[in-house]
Amino acid sequence: MQPRNMSMSGVVDLAAVKAAGEAKTKAEQARAEAARTGGVPAPALVTEVTEATFETDVLQRSTEVPVVVHFWTDRADASVQLEDALERLAAEYAGRVVVAKIDVYANQLLVQQFGVQGIPAVFAVLAGQAMPLFQGAAPEDQIREVLDQLIAVAEQRFGIVGVPVEGGAPAVPAEERPPSPQELALTAAHDALDQGDLGGAIQAYRNVLSGDPGNLEAKLGLAQAELLQRVEGADPQALRKAAADRPDDVAAQIAVADLDLVGGHVEDAFGRLVEAVRRSAGADRDAARTRLLELFEVIGPDDPRVTAARSALARVLF
């Protein structure tokens, strides 16, 4: 199976900018301490993680290095082959990523929390935020492309660069790699979003997409910035009352769906808009469907909640 496009969204909420800032601060502090003491112990590149050790081995480590979470079982050949590939790549990347392997049969709570729908399944955790990478076996060169994108996002968005390990390919310092114009434009867009300049972020992401229409990170950033701009200054109580009083008012339902998504209530937002599509017709139906597709972009196409909502939308449309 080909790996699906990596999603960098996770659950979107208004605390995302704060989380990124805190992660950058922690990463900077860790690097400063390493420089002061002459280095830090090399991390284990592959760790077997359980529900009891997940917080320490995944959540806490994800503030220092991108953690690739592999839900697997030694009962399936595809899982074993993918685990072998991930172990080789972890050694190759020499501390810029680490792998956390989770036995699906022994850790059902984690399987449910991540929404794993099949195995093997691979996620990433950055600064405590989980995001899907791909599902199923894949060639190493394609996995390497995904890891390269993950490492770039970890450094650009969170300041997380990992802990180099001797014996692998050394990481090239960022200052020795002149950024491309597209990378500079994307960094400017991220910075504007982090600073709360939503209008500036929207324009900057559009500038990136004008030169690179397929840039997934820019598409995601644009969708998030537009969502935050729509709810900026809104009166949540008044909007929710209007939606409750007028269930057939599609505009009211759309407004509350935006609020739901910003608050992390993803299924509620999707369910509300699917129901609005079912109850409406003509221009109203098109408006509800279009907004639902826009919210799919915010969360990312690989999220299982998006997959479920697409199926629900298809049922009411056809």
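The model is a predicted one, in which local features require pLDDT of at least 70 and side-chain atom pairs count only at pLDDT 80 or more, whereas totals for chains, interfaces and linings use all residues. Residues are numbered from 1 along each chain as its sequence is written, and side-chain values rest on heavy atoms, with hydrogens and water left out.

The chain holds 13 helices and five strands, both taken as DSSP runs numbered from the N terminus (helices H or I, at least four residues; strands E, at least two). Of its 318 residues, 45% are buried, that is, under 20% relative accessible area with a 1.4 Å probe, protein chains only. The accessible surface, computed by the Shrake-Rupley method with a 1.4 Å probe, comes to about 15,400 Å², and 52% of this belongs to carbon and sulfur atoms. Among contacts (heavy atoms within 4.5 Å) with a separation of 6 or more, 71% are made by residues 24 or more positions apart.

The five strands form an open sheet of mixed pairing, in the order β1-β3-β2-β4-β5, where two strands pair if DSSP finds at least two bridges between them. Strands β1 (46-48) and β5 (129-135) lie at the edges, each pairing on one side only, and the twist from one strand to the next averages 25°. Strand β4 (residues 121-126) runs antiparallel to β5 and is joined to it by six bridges, one of which links F123 to its partner P132 in β5. Helix α3 (residues 77-93) packs on the sheet, where it touches β1, β2 (67-72), β3 (98-103), β4 and β5, and its direction makes about 160° with that of β2.

Helix α7 (residues 198-211) packs with helix α8 (residues 216-231) at an angle of about 155°, their axes being 9 Å apart; axes are lines fitted to C-alpha atoms, for helices over the stretch in contact, and angles run from 0 to 180 degrees between N-to-C directions. The angle makes α7 roughly antiparallel to α8, a term for angles over 145 degrees. The residues of α7 that meet α8 include L198, I202, Y205 and L209, and those of α8 that meet α7 include A218, L222, A225 and Q229. Helix α6 (residues 181-194) also packs with α8, at an angle of about 25° and with the axes 11 Å apart; the two are therefore roughly parallel to each other, as angles under 35 degrees are classed. In this pair L186, H190 and L193 of α6 meet E217, A218, Q224, A225 and L228 of α8.

Definitions and conventions: Buried means under 20% relative accessible area, exposed over 50%, partly exposed in between (1.4 Å probe, protein chains only). Angles under 35 degrees count as roughly parallel, over 145 as roughly antiparallel, 65 to 115 as roughly perpendicular and the rest as oblique.
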